[in-house]
Amino acid sequence: MLNCKKPETGTHIILSALVGLLLLPVSTHAELHHLQSKHGFIVESAELNLDGSEYTLNADIQFHFSKEALKALEHGIALQIDIEVQAKQNRKWLWDKKIRNKVFSQRLEYQPLSEQYLITDLNTGNKHHFRSFQYALEFMGSINDYPFLGLAALQQDKKYTALVRASLNTESLPTPLRLSAYVSSDWQLSSPWFKWTIKQ
Amino acid sequence: MRKSGTVILYTGLFLFACMLAALLMMSDALRDSSQFSRLYSGLLIFTTLGLCSLVTLIFLNLRHLIQQRRNQIPGTRMTVRMIAMFTALSVTPVLVVYLFSLDFLHRGIDSWFDLRVEQALDDSLKLSKLSLDTRMRELLKQTNQMAKETSGISDAEMPFEIDELRTRTNAKEVTLMNRQGGVITSSSENTESVIPDRPSDTILLQLQQGGSYTGLDNTIRSGLHIRVVVNVTDINVVNNSRMIQALYPVSEEINTLTNSIQTSYIKYKELSYLREQLKLSFILVLTLVLLFSLFATVWTAFYFSKRHVAPIRDMAEGTRAIADGDYHTQIPIPSNDELGFLVASFNEMTQKIAQARDAAGHSQLKAETQQAYLEAVLGRLSSGVLVFDKNKILRTSNISAGKILGIPINSVTGESLENICLKYQHLEPMQKTILSHDNTEQDWREQITLFGKSGRQILMCSGTPHSITQDENEGYIIVFDDITELLQGQKNAAWSEMARRLAHEIKNPLTPIQLAAERLRHKYLHTMDQKDADTLDRLTNTIVQQVETMKDMVNTFSDYARPPETKTQAMDINTLIKEVLDLFTNLDQKTEIELNLETHLPMVNADVSRLRQVFNNLLKNAFDACEEITDSTLTITSQCISTAGTEYVEILISDSGPGISEDIMEHIFEPYVTTKTKGTGLGLAIVKKIIEEHNGVVWLENNKNKAGVSAIIRLPIMQKQDDNTHSNNTNGKTGMTS
């Protein structure tokens, strides 16, 4: 089960540009704040392993949430993390051709009664409880054997690059929170693209 | 214009509806359960772009308005006033509502949160936790007891014991695992499930570190339940490496209540966290609504101002067009209201003005046509016509009037009779005559004699008072003819008749007298003595001589009275002058003759014998004038002159005699006017008559720088062969205008 994320991303870019223009001073201030703080996501490692006739994704991602995001989590607001994986065919004279794009989404929420963190895999619906927030993050950052790409999709004589990144889906936030999420760096939580060449 | 206006209106209404719907959806999207929540970003973009479009439209309209104001287009001030009024009327209440709404918004959202409610929710959550903790402690104790009981049981025996353990403890599922989490044996209430629920790696790690786990979990299969995992301390079993997990159900009632408390608690905490964001979002929507209302109002103000001012502007332009003379301007009727009625009235007015103007134009054209016709008729009249108004100001005249009076008639039109006569004093007799008939209402006719540049002129003048209405005299119409030549012709005709009759009457008895005298002499001369014979001879000779003289005189009379019988031919004037001059040079050799004859003189069409008579008479007069003068000179000049494109042959015979007094000069060409003692007085009269018969002119004038008189003759030259016909027709005219 795949999440099609394209329209949301496009709208988000346009909206961020519009609101960002209006709130340029605020945004600049927020950027400085971002530089000062150390929140953000980092893809430590990622690889595609051939498992039979399919490539599976294994990745290690570190999540460093901002204070604002953690505060929101403690107040019962669920955070949706999207792990976007792409496979591109390398081309010499043209831009690379995207042959596969898949998004693995997980929702992180806090349950005050049991004082546990609940991670729900939105692709499978599986739920996992964690008493420790750190354990929850470790679980969420360990991507193991996620089926991604069929072997048949790749041609032997071509070169391919895989990319992965993790980001907080601001569109899944409650509507009143989205406005500040569009412009505040506290909510612009995203890792840079992690790239590597797919070994055939 | 009207169609495009309607399109703009409907487009504006459509956009207005879209914007309104978008704002409503945005407002609704702020609710969690809203179906528009997912569209929030798109709606925000749409409303922002809509507002930007409205701002652009307003800016364009404003710029257009400023340009119109600079160009002073009619109706701009009214548009500005209407827009200002619309804006002021709408902004004030909208701003007031906005400010109050902001206040209500803050108060409303703040009122959702109460410390007591928050405390109650915290307490209820704590209570739930305490209740569950108590239960969990009991279950931990129970599970520890179960672990003790299983410590002496081997892995092989456990499948037979575990069902009993689960049943006894009322657990939903009991699983015996090794320390790595591997399932040794399991017993579940749910017989359909084969695979037991495994604890997470975190729990396993916790157990491996020697602890135990008790927690409220929510599994897929069992829903909310209490999970207890403890290590099994087993003396008999090698490695002491087993753990037991028991899943205890939570009662449905507790499950529901705790879920409800947790959901309410989370919702409240979420709301309290989002309080400021919620306010910000509502304020944003409210501000967007405010801006949309304001911009829409301003744009609507622009639209309706334009629509209302357009007919007024059209009317202003129509009025200007009428002022510029365009009476066919029709303005489109905007609506059926009072403004429409006004425009319709304006259109009707312009239509009537156009009709009146057209009628006036037709009348003017008719009047101008009549005026042109009248001028054409007057222009073709040989008689002079002058029309004076009642103030004696010259209003109308014709070309002939100017020619006859010798004044530039166009330049004096519009001047009074008095001023005209001050400028041209020779017209005073005419002024006196007109003024003498000023008070008469009857037609009058009178002969007037003028002395102008062209000499004495006799005019037959008639006057008629004219009036537009029957009662009022508007002025006079003066019609006059130059009858100088007519009178001169009559005079000449009378002289000719008298000469013819006199010659006839005198000539008849002369011959018998001469014959009788000759017979008397012949019969009695030889019969008389010498003395008497001499006397008779002398007397008869005198009679015969005098009779001859009388015959000559009578013949001259006859010549003058004889009708012209001209036989014209092409001739060279120079040759004729030389021939005639030869006769006189033999008789008078003391006079110095100077001949300036132009070579290649053009030929003239003339009767040679009659022209010889002309030169004979003129040269005879010249030699007679030089007879008593010592060192007399006679100059004869012939030349071709060209005036105003017309060519003439001019012959000038200038003597150095005593000249002619000015009194006689005026009548010198009349019969029996002479300065000589022996002259008949008919020579110059005959000269003038012959020259005029050849369409020429002749005049005498005293020399300016020396003594003597010059006789000047001008004769038209013979036209070329190819335009002979034309020359025959125009000969007379050419001769007269010179």
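Strand β3 (residues 79-89) and strand β8 (residues 160-168) of chain A are paired in the antiparallel sense, and 9 bridges join them. The model described here is predicted. Within this pairing, Gln89(A) has Tyr160(A) of β8(A) as its bridge partner. Both strands belong to an open sheet of 6 strands in chain A, whose order is β6-β5-β4-β3-β8-β9 and whose pairing is antiparallel. The edges of the sheet are formed by β6 (127-130) and β9 (194-197) of chain A, each of which pairs on one side only. On average, and with direction ignored, neighbouring strands of the sheet are turned by 20 degrees against each other. Helix α3 (residues 67-74) of chain A packs on this sheet, where it touches β3, β4 (97-111) and β8 of chain A. The direction of α3(A) makes about 55 degrees with that of β4(A).

Chain A as a whole contains 5 helices and 9 strands. Read from the N terminus, its elements follow the order α-α-β-β-α-β-β-β-β-α-β-β-α-β. Of the 200 residues in chain A, 34% are buried. When contacts in chain A between residues at least 6 apart in sequence are considered, 65% of them join residues at least 24 apart.

In chain B, the packing of helices was examined for two pairs. Helix α3 (residues 76-112) of chain B packs against α8(B) at an angle of about 165 degrees, and the two axes are 9 Å apart. An angle over 145 degrees counts as roughly antiparallel, and α3(B) and α8(B) are therefore roughly antiparallel to each other. Their crossing is right-handed. The residues of this contact comprise 21 nonpolar, 9 polar and 3 charged.

The second pair consists of α4(B) and helix α5 (residues 158-169) of chain B, which pack at an angle of about 155 degrees with their axes 11 Å apart. This angle makes α4(B) roughly antiparallel to α5(B). The crossing of α4(B) and α5(B) is right-handed. On the side of α4(B), the contact is made by Gln142(B), Met146(B), Glu149(B) and Thr150(B). On the side of α5(B), it is made by Met158(B), Glu161(B), Leu165(B) and Thr169(B). By class, the residues of the contact of α4(B) with α5(B) are 3 nonpolar, 3 polar and 2 charged.

Strand pairing is also present in chain B. Strand β1 (residues 173-178) of chain B pairs with β5(B) in the antiparallel sense over 6 bridges. In this pairing, Asn178(B) stands opposite Arg242(B) of β5(B). Strand β5 (residues 242-249) of chain B has 7 of its 8 residues buried, so it is largely enclosed by the rest of the structure.

The two chains also touch each other. In this contact, 33 residues of chain B meet 29 residues of chain A. The elements of chain B that each supply at least two residues of the side touching chain A are α2 (40-70), α4 (115-151), β3 (213-219), α7 (252-273) and α8 (275-323). The most is given by α7(B), with 7 residues. By class, the side of chain B that touches chain A has 15 nonpolar, 13 polar and 5 charged residues. Two of the contributing elements, α4(B) and α8(B), were described above in the helix pairs: α8(B) packs with α3(B), and α4(B) packs with α5(B).

Technical notes:
Residues numbered from 1 in each chain as written. Chains lettered and ligands numbered in written order. Predicted model: local features only at pLDDT ≥ 70, side-chain atom pairs only at ≥ 80, totals over all residues. Contact = placed C-beta atoms within 7 Å. Helix = DSSP H or I, 4+ residues; strand = E, 2+ residues; numbered from the N terminus. Nonpolar A, V, L, I, M, F, W, Y, C, P; charged D, E, K, R; others polar. Axes fitted to C-alpha atoms, helices over the stretch in contact; angles between N-to-C directions. Parallel < 35°, antiparallel > 145°, perpendicular 65-115°, else oblique. Left-handed = near helix turned anticlockwise from the far one by under 90°. Pairing = 2+ DSSP bridges. Buried ≥ 20, exposed ≤ 12 C-beta atoms within 10 Å, placed from the backbone.
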